[in-house]
Amino acid sequence: MWWTFLLALIPVALAVFITVRKIRKGSSCCGEREEAAKKIRVRDKDKSHYPYSYKLTVDGMHCSNCVRNVENSLNALDGLWATASLEKKEVTVLSKKEMDSHELERIVGQAGYTVLSCT
C-alpha cells in the first residue's frame, strides 16, 4: 500500500522539479530561456535633437524581453529613440523627424506587438 502513496507523489515531484528548473534557467512568455537579444543603444542621447515625441500604448508586452524587443525594433532605425514601460504598457518614442502613426504601428507590429493608441 505504501507504493501507491509513492506513485501519487511522483507527478508532484516532477512538477516541482520542472518549475524549479524553469526558474533557475529563466522563462517567460517570449523566450527568455534563450539568450536575450542584445540591447540596441541610441548613439545620440541629446533630447534636444528629437523635436517630435509620441506615446504608444502597446499590447502584448509581458516581460523584460518584450520591452527590449519593442525598444530594439524602434531604436534600430536612425533618428528614433524609444523607451518602454512594462508597468504602463507604454512606449515613448522620440524622433528627429515627424512620423506617421501608421509607420510606428507597422514597426512595432513587425516586432510582434500591437499598438492600441498613438498620441
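A: Y50 is buried, and W81 is buried too. Buried means under 20% relative accessible area, exposed over 50%, and partly exposed in between, with a 1.4 Å probe and protein chains only.

Q: What kind of model is it, and what pLDDT do local features need?
A: It is a predicted model: local features need pLDDT of at least 70, side-chain atom pairs count only at pLDDT 80 or more, and totals for chains, interfaces and linings use all residues. Residues are numbered from 1 along each chain as its sequence is written, and side-chain values use heavy atoms, with hydrogens and water left out.

Q: Back to the rings. How many aromatic pairs does a search of the whole structure find?
A: One. Y50 and W81 make a tilted pair, 5.6 Å centre to centre with 55° between the planes. The rule: rings of Phe, Tyr and Trp (its six-membered ring) pair if their centres lie within 6.5 Å; planes under 30 degrees apart count as stacked, over 60 as edge-to-face, the rest as tilted.

Q: Which parts does the pair tie together?
A: Y50 is in the loop between α1 (2-25) and β1, while W81 is in strand β2, so the pair links parts 31 residues apart in sequence.

Q: Which charged end sits over the ring of Y50?
A: That of K96, 5.4 Å from the ring centre. The test is NZ of Lys or CZ of Arg within 6 Å of the ring centre and within 35 degrees of the ring normal.

Q: New topic. How do the elements run from the N terminus on?
A: The order is α-β-α-β-β-α-β. That gives three helices and four strands. Helices (H or I, at least four residues) and strands (E, at least two) are DSSP runs, numbered from the N terminus.

Q: And what is the strand order in the sheet?
A: β2-β3-β1-β4, an open sheet of four strands with antiparallel pairing. β2 and β4 (114-118) are the edge strands, each pairing on one side only. Twist averages 30° from one strand to the next.

Q: Which helix packs on the sheet?
A: Helix α2 (residues 64-75), touching β2 and β3. Its direction makes about 165° with that of β2. Axes are lines fitted to C-alpha atoms, for helices over the stretch in contact, and angles run from 0 to 180 degrees between N-to-C directions.

Q: How many bridges join β2 to β3?
A: Six, with β2 spanning residues 80-85 and the strands antiparallel. DSSP must find at least two bridges for two strands to pair. L80 stands opposite S95, and S85 faces E90. On the β1 side, β1 (residues 52-59) and β3 (residues 90-95) also pair antiparallel over six bridges. There T57 stands opposite E90.

Q: What about the turn between β2 and β3?
A: It is a hairpin with four residues between the strands, and K89 in the turn has a positive phi of about 60°. Most residues other than glycine have a negative phi.

Q: How exposed is K89?
A: Partly, at 29% relative accessibility.

Q: Last one: what share of the chain is buried?
A: 29% of the 119 residues.

Note on methods: Contact = heavy atoms within 4.5 Å.
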